[in-house]
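Keep the structure in view as you read.

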Amino acid sequence: MSGFLYSVALQWKLDMRSKALLVTCYIVPLIFFLLMGGIFTSVMPEMRSTLIPSMIVMSVSMGAFIGLPPSLMETYGSDIKKVYKANGVPIYLGLATMFLSAFTHLMIACVGITLLAPILFEAVLPMHLPLFFLALAVYMIVSLSIGSILGLVIKNQAKLTMIAQLLFLPSIMLSGIMFPINLLPDFLETMGRIFPASWGYQLMLDGGFCMNNLWYLILVFCTSAIACGLLLEKQKLK
């Protein structure tokens, strides 16, 4: 346990020096929040009640799909993996520490958005904050599990960037955070339900924490966890 905690602390220090993580988990999401928060609440004042979960979905999607995978690719697609094996370090340790570190950084950014939105844009705070943060944690874990698969499977940076964008952009555009999802054509609305972002958004809304919005996220997480386990076992054989 002490070795695991040391690895988590070391990963945290490395992440604090990472420009990529600073951009994807803090700078871009917060700039988007500051710019679009004002636009959304000016054009659609009723969006003040959903501004916080909307901005959080964008932040989590960016950190999970664009921020985490390159770090995993760098570790498991390079000689760092051989260092793990040579020193008897469990192959899953890199994934576990990066996952926890990304989760912590994203949670900090989301807490910042939750605190600033009512001050800057008169956004409405969720009625039940503990339930809201539980829903946020569930959505974050599911998104990071998908990002973990990307980082373990793809070994080419250009391909990883392209596929990450193919996940990130529909997650934002088709989730209902930019405009009501019922304004979309039926086929786009159905396509949007494939991505966890739409489920996570509904889960974080007041009264949205229920099994109707939770079952799909649980299914995606279980599938992703199994996939990550198989991929890590494959890494042992290389």
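A charge sits over a ring if NZ of Lys or CZ of Arg is within 6 Å of the ring centre and within 35 degrees of the ring normal. In this predicted model, Arg193 meets that test: Arg193 lies over the face of Trp199, 3.9 Å from the ring centre. Trp199 also forms one aromatic cluster with Trp215 and Tyr216.

Trp199 is among the buried residues of helix 9. Tyr201 is another of the buried ones.

Now to the aromatic pairs. The whole structure has 5 of them. Two are listed here.

| Pair | Centre to centre | Angle between planes | Type |
|---|---|---|---|
| Phe33 and Phe121 | 5.4 Å | 85° | edge-to-face |
| Phe132 and Phe133 | 5.3 Å | 75° | edge-to-face |

Phe33 is in helix 2 and Phe121 is in helix 5, 88 residues apart, so the pair links distant parts of the chain. Phe33 counts as buried because its relative accessibility is 1%. Phe121 is buried too, at 12%. Phe132 is buried at 3%, whereas Phe133 is partly exposed at 25%.

Beyond its neighbours within four places in sequence, Ser145 contacts Phe99, Phe221, Ser224 and Cys228.

How values were computed: Residues numbered from 1 in each chain as written. Predicted model: local features only at pLDDT ≥ 70, side-chain atom pairs only at ≥ 80, totals over all residues. Heavy atoms only, no water. Buried < 20%, exposed > 50% of the residue type's maximum accessible area, 1.4 Å probe, protein only. Helix = DSSP H or I, 4+ residues; strand = E, 2+ residues; numbered from the N terminus. Contact = heavy atoms within 4.5 Å. Phe/Tyr/Trp six-rings, centres within 6.5 Å; stacked < 30°, edge-to-face > 60°.
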